[in-house]
Amino acid sequence: MIAFKNKRPLLQTGHCVISDYGREWLEDVLQQAADAAGVSLPFRKEIAEAVLLYLEESCPLHSVPLDYLFRRISGMLRQAGLPRIADHLRLQTPPVVIDLKEIAEQSPLPLFFYNKLEEKLEHLRRLGLTTYEFAGTESCSKLLGARQRLCPTQRRELEQLNAFLATKQKLAS
């Protein structure tokens, strides 16, 4: 295996420092701003790559405050003739991956699991992290339903889990 050093600066938000972010996150941020502005943005991939190229090659800072980065992106969009998108650009953190299976292994009863998940989300919110990706939903639902394979009980647990996660993602937005 070959490992390459990531030359991107760290992102600072609240008391957190984020090192794991990429083009997909920037593309999503740009697309959300374009959707909010009611404008199409067919070259969002190129804009995201330009931002990353700046961060990797030209940015003199080792860590960048997230609000500073978004102000710079907004200025770049205005210079490129996209002021409506710049006006709708919303400050947001790169998504934090939350391993649901890990939480379910620690708290396999649904009542305790959902409380533990609430505590984790609240802790992340206090740190300034508001965008989440949830991993391991199917294996988590098996643990919560005390099942080894797919069955109606596991499917019910999965539906309840997905509904709960959907409400949490809406509240974070």
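Helix α3 gives the most residues to the lining of the second largest pocket, contributing four of them. This pocket belongs to a predicted model, and the space lying within the pocket comes to about 150 Å³. The largest pocket of the model, by comparison, has a volume of about 320 Å³.

**Second largest pocket**
- The lining of the second largest pocket is made up of Ala-50, Val-51, Tyr-54, Leu-69, Arg-72, Ile-73 and Met-76, and the elements that supply two or more of its residues are α2 (44–58) and α3 (66–79).

**Largest pocket**
- The largest pocket is lined by 20 residues, and those lying nearest its centre are Trp-25, Pro-94, Pro-95, Val-96 and Glu-133.
- At least two lining residues of the largest pocket come from each of β2 (16–18), α1 (23–37), β4 (96–99) and β5 (132–135), with α1 giving the most, namely five residues.
- The lining of the largest pocket comprises 12 nonpolar, four polar and four charged residues.

**Nonpolar surface patch**
- On the surface, Leu-109, Leu-111 and Phe-112 form a nonpolar patch, and together these residues have about 330 Å² of accessible area.
- Phe-112, one of the patch residues, is placed in helix α6, which spans residues 110–127.
- The relative accessible area of Phe-112 is 47%, and Phe-112 therefore counts as partly exposed, since this class lies between buried, under 20%, and exposed, over 50%.

Notes. Residues are numbered from 1 along each chain as its sequence is written. This is a predicted model: local features need pLDDT of at least 70, side-chain atom pairs count only at pLDDT 80 or more; totals for chains, interfaces and linings use all residues. Side-chain values use heavy atoms; hydrogens and water are left out. Patches are made of residues with over 30% relative accessible area and no salt bridge: like charges are joined within 9 Å, nonpolar side chains (Val, Leu, Ile, Met, Phe, Trp, Tyr) within 5 Å. Accessible areas come from the Shrake-Rupley method with a 1.4 Å probe; for residues, only the protein chains shown count as cover. A salt bridge is a side-chain nitrogen of Lys or Arg within 4 Å of a carboxyl oxygen of Asp or Glu. Helices (H or I, at least four residues) and strands (E, at least two) are DSSP runs, numbered from the N terminus. Buried means under 20% relative accessible area, exposed over 50%, partly exposed in between (1.4 Å probe, protein chains only). On a 1 Å grid over the protein atoms alone, a cavity is a set of points where a 1.4 Å probe fits but cannot get out, and a pocket is an open set with protein on both sides within 12 Å along at least five of seven lines; lining residues have an atom within 4 Å of a point. Grid points are joined across faces, edges and corners, and a volume is the space filled by probe spheres set on the points. Ala, Val, Leu, Ile, Met, Phe, Trp, Tyr, Cys and Pro count as nonpolar, Asp, Glu, Lys and Arg as charged, and the others, Gly among them, as polar.
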